[in-house]
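Visitor: I have a structure to go through and some questions about it. Can we take it piece by piece?

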Amino acid sequence: MTNTEQYQQKKQKTDFDAVVIGAGFSGLYMLHRLREAGFSTRVYEAGDGVGGVWYWNLYPGARCDSESIYYNYTFSDELLQEWTWSSRYPEQPEILRYLNYVADKFDLRRDIQFETRITAAHYDEENNCWSIHMEDGSSVSATYFISGVGCLSAANIPRFKGLDDFEGQWYHTGHWPHEKVDFKGKRVGVIGNGSSGVQSIPMIAQEAEQLFVFQRTPQFTIPARNHPYDPEFIQKTKENYPQIREQMKESWGGFPIAPSVRSALEDAPEVRQEVYETAWEKGGFFLTYTYHDLTMDEAANETVSDFIRSKIRETVHKPEVAEKLLPTYYFGTKRPILDTHYFETYNRENVTLIDVKSAPIEEITAKGLRTAEAEYELDVLVFATGYDGMTGPLLKIDIRGKDGLTLKEKWNEGAHVQTYLGIANAGFPNFFMITGPESPSVLANMPLAIEQHVEWIGDCVEYLRDHGIEKIEATEEAETAWSSHCREVADATLYPKADSWYTGANIAGKPRSFLIYLSVASDRIDGFVRRSLQRDMMAFLWCHSQRQCRK
Ligand code: NA7
């Protein structure tokens with residue numbers, strides 16, 4: 001009997017070859033990739049539509065902060081030619097339309113079960129399969145269990161005293177109702193000023209009677225300078241996409257932009273100012289590409305941080321308000337934000353900025369919110385308070401590997417997260433994470449990072465099938481080596497110094513560790529080139545896993 005025949009015989013023992021969680025960018029492409037390779041696959045999705053974060057993030061002003069022509073799938077030339085983005089940073093409805101288009105084009109819905117939440121997945125060692133349990137009590141089995149839960153899908157709703165007593169309406173930006181929320185004539189409070197707050201605050205301010213922004217940490221934000229695309233530009237992009245795709249894949253961050261090789265300290269102050277001004281005028285993340293050491297060197301960082309602070313002072317009319325808006329952390333070490341008229345919003349008469357660092361929020365009352373200094377009456381409260389990033393979505397599910405070991409135990413409640421490439425975990429055979437902790441994911445172009453993992457996982461399971469290998473599992477040594485490399489790279493930068501969701505510092509009680517692979521910095525630190533990294537990854541995992549499987 002051939003290897004593949006042996007595989008087919010074993011396959012009948014499970015309901016599906018593969019079960020995938022989530023129908024966002026990751027789950028949709030994983031389904032397509034596996035189906036094309038002939039694997040029976042079922043996706044389970046908690047929402048009643050496709051889209052993942054783009055299904056849930058319906059708050060006013062929600063839009064992408066990666067340029068749309070790069071923030072899409074690149075695996076299908078036909079899709080690239082058919083779809084046309086309207087503008088540089090499209091709003092959420094357009095991105096959701098795109099993902100629906102993809103689902104229709106590749107006929108994906110027939111293998112997606114909507115409104116079904118996976119609550120547990122246990123590895124059955126005897127039968128070498130995963131037993132997957134849903135919230136509704138049903139369960140299925142699969143040879144491969146693949147997570148496409150996304151990095152930012154577990155909402156952080158701080159446990160403020162009294163929230164249950166609040167008589168108004170409250171919402172989290174990541175679980176926004178699908179019907180329009182009406183702010184007209186209302187007193188609205190927004191807690192949080194990360195990307196979601198910064199995008200929604202200017203929109204809510206236009207509608208609400210009164211808007212109170214409760215700010216804990218002032219943030220650096222850069223004008224997005226969104227604009228519709230010129231049809232000629234779109235045509236050129238489509239014609240050149242094969243080369244663009246190659247450039248994206250060769251780059252450190254997934255965008256076809258060459259990083260600077262200069263240090264910010266090499267240029268005279270007036271030259272540097274000019275460089276920053278030009279990037280500021282272009283808008284978007286060009287500012288982060290100006291010098292190679294902005295997130296590596298404190299003095300270099302000060303130059304760009306000072307530049308943005310001067311822009312805030314110029315924009316905000318009242319000096320005492322401007323002063324409260326000046327960030328003090330190192331620019332770039334918390335996720336940089338793109339905005340549309342964010343700082344200008346504080347010049348409006350109906351907007352009040354409240355510093356909850358100096359006077360923390362004490363409780364939510366029936367009528368509003370009370371800080372250590374004052375009480376604010378509110379009709380609507382918006383939590384733009386972010387997410388339990390990277391590990392949060394996975395730890396919400398009871399995932400158990402060999403010997404009943406839970407992922408929570410393995411990661412020691414998050415105190416010692418260790419993965420192999422952000423894809424695999426020792427002790428969890430045939431379980432794959434698309435853009436899991438310690439992957440480049442959120443610090444790269446997300447759809448491209450997803451494609452890399454999906455294709456890798458797809459190739460991997462095809463290899464297993466074609467070689468009659470029953471299971472694959474990262475070894476402890478491989479995992480330890482990868483994890484320490486991740487930490488080594490992060491520690492050589494300024495990133496771990498910030499209290500951010502990259503480090504878990506935004507969640508009360510979450511152990512602090514840097515949860516992302518800084519491919520961005522690795523390139524500069526030890527000359528790691530993405531392509532060779534990818535090749536190494538394959539070789540590394542193959543040989544370790546095969547040795548393991550043969551045991
Ligand atoms: P972020 O970027 O994590 O922002 C959350 C905001 O909420 C941030 O300003 C936090 O302040 C604030 N926050 C969180 N908890 C509290 C409490 N307890 N009290 C006061 N303020 C609080 O989430 P977003 O949804 O805006 O963006 C997430 C990602 O989506 C973003 O990075 C992009 O990749 C897209 P802090 O800074 O922690 O002091």
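Visitor: Is His-341 buried or exposed?
Guide: His-341 counts as exposed, because its relative accessibility is 53%. Exposed means over 50% relative accessible area, buried means under 20%, and partly exposed is in between, with a 1.4 Å probe and protein chains only. This is a predicted model, where local features need pLDDT of at least 70, side-chain atom pairs count only at pLDDT 80 or more, and totals for chains, interfaces and linings use all residues. Residues are numbered from 1 along each chain as its sequence is written, and side-chain values use heavy atoms, with hydrogens and water left out.

Visitor: Where does His-341 lie?
Guide: His-341 is in the loop between strand 11 (337-339) and helix 12 (342-345). Helices (H or I, at least four residues) and strands (E, at least two) are DSSP runs, numbered from the N terminus. The phi of His-341 is near 60 degrees, which is a positive value in a residue other than glycine.

Visitor: And Glu-438, what is its phi?
Guide: Glu-438 has a phi near 70 degrees, a positive value in a residue other than glycine. Glu-438 sits in the loop between strand 18 (431-433) and helix 15 (446-466). With a relative accessible area of 3%, Glu-438 is buried.

Visitor: New topic. Which strands form the parallel sheet, and in what order?
Guide: Five strands form an open sheet with parallel pairing, in the order 7-16-8-9-12. Two strands pair if DSSP finds at least two bridges between them. The edge strands, strand 7 (169-172) and strand 12 (351-355), each pair on one side only.

Visitor: How many bridges join strand 7 to strand 16?
Guide: Four bridges join strand 7 to strand 16 (residues 380-383). Tyr-171 has Val-382 in strand 16 as its bridge partner.

Visitor: What packs on that sheet?
Guide: Helix 6 does, touching strand 8, strand 9, strand 12 and strand 16. Contact means heavy atoms within 4.5 Å. The direction of helix 6 makes about 155 degrees with that of strand 9. Axes are lines fitted to C-alpha atoms, for helices over the stretch in contact, and angles run from 0 to 180 degrees between N-to-C directions.

Visitor: Where is the kink in helix 6?
Guide: Helix 6 (residues 195-207) has a kink of about 30 degrees at Ile-201, shortly before the proline Pro-202. The bend at a residue is the angle between axes fitted to the seven residues ending there and the seven starting there. Ile-201 and Pro-202 are among the buried residues of helix 6.

Visitor: Back to strand 8. Why is it called largely enclosed?
Guide: Four of the five residues of strand 8 (residues 187-191) are buried, so strand 8 is largely enclosed by the rest of the structure. Strand 8 pairs in the parallel sense with strand 9 (residues 210-215) over five bridges. Ile-191 stands opposite Phe-214 in strand 9.

Visitor: What about the sheet with the order 13-14-15?
Guide: That open sheet has three strands with antiparallel pairing. Strand 13 (361-364) and strand 15 (375-377) are at the edges, each with a single partner strand, so one side of each is left without a neighbour in the sheet. Strand 14 (residues 368-371) and strand 15 are joined by three bridges, and Arg-370 has Glu-375 as its bridge partner.

Visitor: Last one. What does Ser-513 contact?
Guide: Leaving aside its neighbours within four places in sequence, Ser-513 is in contact with Gly-414, Val-417, Tyr-502, Thr-503 and Gly-504. Ser-513 counts as buried, at 19% relative accessibility.
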